[in-house]
Amino acid sequence: MKIILDAMGGDLAPEAPVLGAIAAAKDFGSQITLVGRGEDILQVMKNHGIADLPAGVEIANADDVVDMHDDPASVIHKRKNSSMVVGLKMLADGQGDAFVSAESTGALLTGATLIVKRVKGIRRAAMGPAMPNKAGGRTVIVDCGANAECTPEFLLQFGLVGSLHAKAAYGVADPKVGLLNIGTEDSKGTALQKEAYALLKDAGDRGLLHFVGNVEARDVPLGAVDVVVCDGFSGNVLLKSIEGTAMFMGSMMKRMFKKNLLTKIGYLFSASGVKDLMKLLDYREIGGTEFLGIRKPVIKAHGASDALAFRNAIRQAEQAAQHDISGELERGLQLLTEDKA
């Protein structure tokens with residue numbers, strides 16, 4: 001299995017992607033193709049006293065770089081020789097099993113859609129990060145930012161792809177799917193939520209997914225459902241609100257433990273648990289977010305990813321390639337189409 005990594009994407013590129021790739025090769029035995037300016041990649045290695053690439057790691061030269069200010073719709077035409085576009089073409093041509101990049105979300109989604117293509121029947125690919133929850137599992141949020149404006153049909157597909165993803169990636173036998181709303185009653189929400197509710201309920205009645213109804217934002221971290229369906233705008237607000245709350249609680253815990261001698265002693269007894277909690281909430285430990293609905297795995301890493309984040313994004317890409325839900329997703333979409341006919 002080979003992972004294609006955009007070595008020029010992200011705030012800390014090319015250092016972070018290159019060092020992350022080297023760490024993944026050593027820790028996981030990953031096969032990786034670093035796509036980017038060869039001279040820059042080799043310079044990073046030289047700066048860190050690394051004489052040779054680890055076994056299984058190679059370089060594919062790409063002279064151009066996608067700028068964060070580039071128009072996503074024109075990137076694949078204006079930046080044909082960029083590391084992102086070259087890497088996506090390699091994935092589409094079968095030269096790798098998954099692609100990882102920390103480029104802008106819009107540019108990467110557009111590139112993945114036009115070059116790698118969507119699964120047959122998918123109207124829009126979506127971002128589906130998984131947040132840890134109180135129940136001890138993870139809750140997949142679909143969509144969390146790729147599609148700010150959605151139709152009810154998009155949300156129906158998000159529910160299906162999110163359910164299949166939760167089964168394959170997290171081993172949930174019968175994922176509970178909920179629609180993000182301002183109340184649990186089926187009469188709540190705008191026209192979008194009401195129409196999407198009806199479609200999801202109908203799909204649930206036919207056994208295509210396990211729809212449990214509306215879910216409020218406060219219940220998401222508690223593990224009320226395994227998959228939260230929402231438009232990209234609402235999902236992004238939900239995701240960042242949870243992340244911000246986690247950061248706030250972490251800072252308050254630090255302040256509490258530093259309050260006096262007794263609290264400092266208390267920290268010594270609870271340090272292991274606190275570290276485990278902070279690790280659980282650290283985005284770098286997850287790696288990135290997969291674009292659900294694309295034919296082959298494309299992982300969007302955080303723009304501020306360091307070497308650790310890229311290392312884990314590579315591991316995540318390997319797992320996504322192993323799960324490969326494209327075929328099952330096509331069958332599920334076909335059932336939806338057949339039932340409508």
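Aspartate 205 and lysine 201 sit 4 residues apart in helix H7 (residues 191-205), so about one helical turn separates them. Helices here are DSSP runs of H or I with at least four residues, strands are runs of E with at least two, and both are numbered from the N terminus. An α-helix has 3.6 residues a turn, so residues three or four places apart point the same way.

This is a predicted model: local features need pLDDT of at least 70, side-chain atom pairs count only at pLDDT 80 or more, and totals for chains, interfaces and linings use all residues. Residues are numbered from 1 along each chain as its sequence is written, and side-chain values use heavy atoms, with hydrogens and water left out.

**Salt bridges**

The side chains of aspartate 205 and lysine 201 meet in a salt bridge. The term means a side-chain nitrogen of Lys or Arg within 4 Å of a carboxyl oxygen of Asp or Glu. A search of the whole structure finds 6 salt bridges. The table gives some of them.

| Aspartate 205 | Lysine 201 | 3.2 Å |

Aspartate 205 is exposed, at 58%, while lysine 201 is partly exposed, at 39%. Aspartate 202 is partly exposed at 36%. Arginine 218 is exposed, at 63%.

**The sheet of 7 strands**

An open sheet of 7 strands runs in the order E3-E2-E1-E4-E12-E11-E5, with mixed pairing. Its edge strands are E3 (57-61) and E5 (126-127), and each pairs on one side only. Two strands pair if DSSP finds at least two bridges between them.

Strands E1 (residues 2-6) and E2 (residues 31-36) run parallel and are joined by 5 bridges. Isoleucine 4 has threonine 33 in E2 as its bridge partner. Leucine 5 has leucine 34 in E2. In E1, 4 of the 5 residues are buried.

Threonine 289 belongs to strand E11 (residues 288-292). Threonine 289 is buried, with a relative accessible area of 11%. Contact means heavy atoms within 4.5 Å. Leaving aside neighbours within four places in sequence, the contacts of threonine 289 include Met127, Pro129, Ile299 and Gln316.

**Helix H4**

Which strands does H4 lie across? They are E1, E2, E3, E4 (98-101) and E12 (298-301), and H4 runs at about 165° to E4. For such angles, axes are lines fitted to C-alpha atoms, for helices over the stretch in contact, and angles run from 0 to 180 degrees between N-to-C directions. Of the 10 residues of H4 (residues 83-92), 8 are buried, so the helix is largely enclosed by the rest of the structure. Among them are Met84, Val85, Val86 and Leu88. Glycine 94 follows H4 and has a positive phi, near 85°.

**The sheet of 5 strands**

Another open sheet has 5 strands in the order E6-E7-E10-E8-E9, again with mixed pairing. Strands E6 (130-132) and E9 (210-215) stand at the edges with a single partner each, so one side of each has no neighbour in the sheet. From one strand to the next, the twist averages 30°. Strand E8 (residues 176-180) runs parallel to E9, and 5 bridges join them. Leucine 180 stands opposite valine 215 in E9. Helix H6 packs on this sheet, touching E6, E7, E8 and E10 (227-229). The direction of H6 makes about 150° with that of E7.

Most residues other than glycine have a negative phi, and most peptide bonds are trans. Which bonds are cis here? One runs from alanine 13 to proline 14, with omega near 0°. Proline 14 is in the loop between E1 and helix H1 (15-28). Another cis bond joins valine 142 and aspartate 143, with omega about 10°. Aspartate 143 is in the loop between strand E7 (138-142) and helix H6 (152-170).

Lysine 117 is not a glycine, yet has a positive phi of about 80°. Lysine 117 lies in the loop between helix H5 (105-116) and E5. Lysine 117 is partly exposed, at 38% relative accessible area.

Key. Buried means under 20% relative accessible area, exposed over 50%, partly exposed in between (1.4 Å probe, protein chains only).
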